[in-house]
Structure formats: C-alpha cells, structure tokens
Amino acid sequence: MLPLPRWNAYSKEWNANIKLLPHDRLLAATLIPLLPAWLKPNHVTVARMFLTPVVVYLLATANYGWGLTLFLFTGLTDALDGSLARVRRQITDWGTIFDPVADKLFIGSALVVIVIRYINFNLGMALLLAEAAIIVQGWYKVRHGRIEPANVWGKIKMVFEVAGVASLLVALWSGIDLWQDVSASTLAIALVFAIVTVLSRIR
C-alpha cells in the first residue's frame, strides 16, 4: 500500500506529460487568470468538501433557490481544481486520490437528499452504488500501489450528474414539472456513463 501522499508533493511524471482538455483551455482563458497564485488545486478540492454539508443543509431544508446557486458553484469547483492543476502544472498524488472522494461526497449527498425522493428511488440507488463501486476501485488500486486519475467516462458522468441534479433543483424552485423530466432523463444518461466508468476501470 502506498503511504498517504503529502499535500504539496507534485507528481513530476504527470506534470511533465499534461494534455489540456477543451474545458481546461476555456478556464485558462477566462477564470484561472483571475485566481491568485497562492490558490492551489488542492485548496479548491478541500473547499468542495466543506461546501458539501452547506449544500446538503439547504437542500434538506427546501431552500432551493440558494441551494441551486451553491450547488452550481460547488459543481464548478470540480472542473476548476482539475483544470487549475493541469494549467499550472500542480498535479499531486493527494489531489488525484481525494478529488474523486470530494466528488462522490458532493454528488452522493445530493442523490440521497433529493434525487431518491423526487425522481426515482431505483435510479438514485443505482447511481449511489456506481459511485461506491468507483470509490472501492480507487481504494483497491491505492492498496496495491497504484494511483489513477479519473478517466474521461468519469468526467462525463459527473457533468451529467451535476446537470441532472441542477435540473431537479430548478424544477423544485420554479414549480415547472418539465425540468423534473429533464432531470430524470439526464440522470439516466449519467447512470449509463457511471456503469461504463466502473467497467473501464476493471483491469
């Protein structure tokens, strides 16, 4: 098993072989230049961990207006920490391990609090089981001395999950049922990508 990586130990191998994704280039041209140099990707990951309980509280108390706003902001941090790490060449083993954990806590909490209740119990549970399987896979690989970043299927899955939950929050906030149908369809697509993610990590 690998020892728990240090917070600021940059990975020389990964930082030397970075390929920027389309959204990395977009953020590099817009938001990232506005961020101070002292702000590290791991700071953003930890911020997501701390914001998640606040999002859960707002959703649990049916404060859907502020809940939607903070949910979208917290979801943005998922894209931001990865892009920040790649653009500034600050990828760390710590971030590679704990960024997915922060994601699972964030989206898993939303699935438990509102998706299972308002969309479909079976769909919500299936997504939760897929997220749990991904965490177990990551833990198993770390136990055997391997650290693997999220693959493209996992990133697509997360986009659809955030979009699906956001659509549900719009429905609950506005009272427009159409958004609930959009949410159900989007989360169903997310489940497909979640299954693909699990299968793609088996090796």
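Begin by selecting Ala110 in this predicted model, and display its surroundings: leaving aside residues up to four places away in sequence, Ala110 touches Leu59, Phe71, Val115 and Val165. Ala110 is found in helix 5, which runs over residues 93–118, and because its relative accessible area is 3%, under the 20% cut-off, Ala110 counts as buried.

From Leu59, one of the contacts of Ala110, move to helix 3, residues 41–60. The 20 residues of helix 3 should span 28 Å at 1.5 Å a residue, and the end C-alpha atoms are 29 Å apart, which agrees. Centre the view on Leu51, where helix 3 bends by about 30°, and note that a proline, Pro53, follows within four residues. Next, colour the buried residues of helix 3, which are Pro41, Asn42, Val44, Thr45, Arg48, Thr52, Val55, Leu58 and Leu59; these buried residues pack against helix 4 (64–87), helix 5 and helix 7. Just after helix 3, select Ala62, which takes a positive phi of about 60°.

Finally, turn to the surface and select Val152, Trp153, Val192 and Val196, which form a nonpolar patch with about 320 Å² of accessible area together. The elements that give two or more residues to this patch are helix 7 (152–174) and helix 8 (177–200).

Conventions. Residues numbered from 1 in each chain as written. Predicted model: local features only at pLDDT ≥ 70, side-chain atom pairs only at ≥ 80, totals over all residues. Heavy atoms only, no water. Buried < 20%, exposed > 50% of the residue type's maximum accessible area, 1.4 Å probe, protein only. Contact = heavy atoms within 4.5 Å. Patch = residues over 30% accessible without salt bridge, like charges linked within 9 Å, V, L, I, M, F, W, Y side chains within 5 Å. Areas by Shrake-Rupley, 256 points an atom, 1.4 Å probe, with all protein chains shown as cover. Salt bridge = Lys/Arg side-chain N within 4 Å of Asp/Glu carboxyl O. Expected span 1.5 Å × (residues − 1). Bend = angle between axes of the 7 residues up to and from the residue.
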